[in-house]
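Q: I would like to learn how to read this structure feature by feature. Where do we start?

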Amino acid sequence: MRLNSPQMNIIYKACIKASRSLIRDFGEIEKLQVSSKGPGDFVSVADKKTEKIIIEELLKAHPDYGILSEEAGEINKNNKEKRWIIDPIDGTSNFLNGIPQFAISIGYEEKGEITSGIIFDPIKNEMFFAEKGSGAFLNNSRIRVSNQKKMRDSILVTGGPRFSSKRRSETFDEYINISNKVNIPIRKYGSASLDIANVACGRFDGFWQWELNYWDVAAGIIILKEAGGFIEFLKDSSEKSLLKKNTVATNSKIHQELLDSLIKKNIE
Ligand code: IPD
Ligand code: CA
Ligand code: CA
């Protein structure tokens, strides 16, 4: 761990503690109960257990800080100045199927801006982290986005769409459109935070997905920025526009080309 600010130490400790129980649960995956949260969306005992450990640790350090967490919702709602944004397991479907591609994602937001964050893949033992102005790291090494300038030579990653989304067919069209047009490899790995982290360390050149939640992208925002990438949230005409994150995240060099290739139906 190369960064030593108080916030980073707090997130790091919470993350490591929660990951121990997560790794154990992953080993016993078949015993976990799964309850349905909504269409195409499952929440497992492990999601809640991991979240509980993280929240306890964070509240121990700062009982008054705000928290926005996927399963627990908002805690200390009135503190908008200093907030933790948590996704206890990003990639639950992978987790529940024994696929080792999921992460704990925690961002720290100050006055509306994410200033530090961690995305931790406990199975590969890969910790991505960054702090405003201090660069981005994977374990002990500094990371940078790729230098790829042309989309036709890129490798991209995408996710979704959610089954409940009205944009489902559009997203599919985009996928077909991009892969046909430029005939480049596109992957779907099922963990948006890791997708963004993998753009930050140069494994992928770009990522897009509509209608993500803030907790899917919060830590990724600072990690990608500090690695030299660019993340953008496109507005659309729906009421949910401010809450839902229509995300395009790239190495910055192919950003405009990727934007131009996406079907911009309903995007202002
Ligand atoms: C999901 C993952 C997935 C993305 C979904 C997210 P969850 O998060 O990030 O890659 O395609 O839109 O909801 O539900 O596993 O935390
Ligand atoms: Ca998520
Ligand atoms: Ca989750």
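Q: In what order do the eight strands of the open sheet run?
A: Strands are DSSP runs of E, at least two residues, and helices are runs of H or I, at least four residues, both numbered from the N terminus. Two strands pair if DSSP finds at least two bridges between them. Here the order is S4-S3-S5-S6-S7-S8-S9-S10, with mixed pairing. S4 and strand S10 (141-143) are the edges; each has a single partner strand, so one side of each lacks a neighbour in the sheet. From one strand to the next, the twist averages 20°.

Q: What should I know about the model and its numbering?
A: It is a predicted model: local features need pLDDT of at least 70, side-chain atom pairs count only at pLDDT 80 or more, and totals for chains, interfaces and linings use all residues. Residues are numbered from 1 along each chain as its sequence is written, chains are lettered from A and ligands numbered from 1 in the order written, and side-chain values use heavy atoms, without hydrogens and water.

Q: In which sense do S5 and strand S6 pair?
A: S5 and S6 (residues 103-110) are antiparallel, over seven bridges. Tryptophan 84 faces tyrosine 108 of S6 across the pairing.

Q: Which residues coordinate the calcium ion (ligand 3)?
A: Donors are N, O and S atoms within 2.8 Å of the metal (3.2 Å for Na, K and Ca); water is not among the atoms, so sites may look incomplete. The donors here are Glu70 (OE), Asp87 (OD) and Ile89 (O), at 2.2 to 2.3 Å. Their sequence spacing is E-x16-D-x1-I.

Q: Which residue coordinates both calcium ions, ligand 3 and ligand 2?
A: Aspartate 87 does, and the two ions are 3.8 Å apart.

Q: Is aspartate 87 buried or exposed?
A: Buried means under 20% relative accessible area, exposed over 50%, partly exposed in between (1.4 Å probe, protein chains only). Aspartate 87 is buried, at 0%. Glutamate 70 is buried too, at 17%. Of the 268 residues in the protein chain, 55% are buried.

Terms used. Axes are lines fitted to C-alpha atoms, for helices over the stretch in contact, and angles run from 0 to 180 degrees between N-to-C directions.
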